[in-house]
Amino acid sequence: MKGLIKVDQELCKGCQLCIAFCPQKGVLSSAGKVNSAGYLPVVFNDGSECTGCAICAIVCPEVAIEVYRD
Ligand code: SF4
Ligand code: SF4
């Protein structure tokens, strides 16, 4: 199964829990650009091996992640 996620750049507080729990490597990384609250949000890397497992969305304390599967 292929998946993709959307991270709300303003809701994300940059805790990186989603990166720690994602079973796939290289799918999520730090944006390198602060949001308006001063946090470094996480971004989804297009072309990566996201499976749509939704673990990232489940662990996110800010409910900043939406998961899509095809
Ligand atoms: S849906 Fe699963 S594979 Fe995709 S970014 Fe989230 S934890 Fe990683
Ligand atoms: S778990 Fe949520 S708040 Fe934490 S870095 Fe990931 S998207 Fe941002």
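Predicted model: local features only at pLDDT ≥ 70, side-chain atom pairs only at ≥ 80, totals over all residues.
Residues are numbered from 1 along each chain as its sequence is written, and chains are lettered from A and ligands numbered from 1 in the order in which they are written.

Let me start with the overall fold. The protein chain has two helices and four strands, where helices (H or I, at least four residues) and strands (E, at least two) are DSSP runs numbered from the N terminus, and the order of these elements from the N terminus is β-α-β-β-α-β. The C-alpha trace spans about 35 × 20 × 20 Å along its principal axes. If we count two residues as in contact when their C-beta atoms, placed from the backbone, lie within 7 Å, then 67% of the contacts with a separation of 6 or more join residues 24 or more positions apart.

Now to the ligands, taking a residue as near when its C-beta atom, placed from the backbone, lies within 6 Å. Around ligand 1 there are 14 residues, of which Cys22, Cys50, Cys53, Ile55 and Cys56 come nearest, and both β1 (3–7) and α2 (55–59) supply at least two residues of this shell. Ligand 2 is likewise surrounded by 14 residues, with Cys12, Cys15, Leu17, Cys18 and Cys60 the closest.

What about the core? A residue is buried if 20 or more other C-beta atoms lie within 10 Å of its own, exposed if 12 or fewer, and partly exposed in between, with C-beta atoms placed from the backbone; by that count, 20% of the 70 residues are buried. A nonpolar core is a set of buried Ala, Val, Leu, Ile, Met, Phe, Trp, Tyr and Cys residues joined through C-beta atoms within 7 Å, and the largest one has 13 residues, with Val7, Cys18, Leu28, Cys56 and Ile65 touching the most other members. Leaving aside residues up to four places away in sequence, Leu28 touches Cys18, Ile19, Cys22, Val42, Phe44 and Cys56.

Finally, consider Ala20, which sits in helix α1 (residues 17–21). Ala20 counts as exposed because it has 10 other C-beta atoms within 10 Å, and its C-alpha atom is separated by 8.8 Å from that of Cys56, 36 residues apart along the chain.
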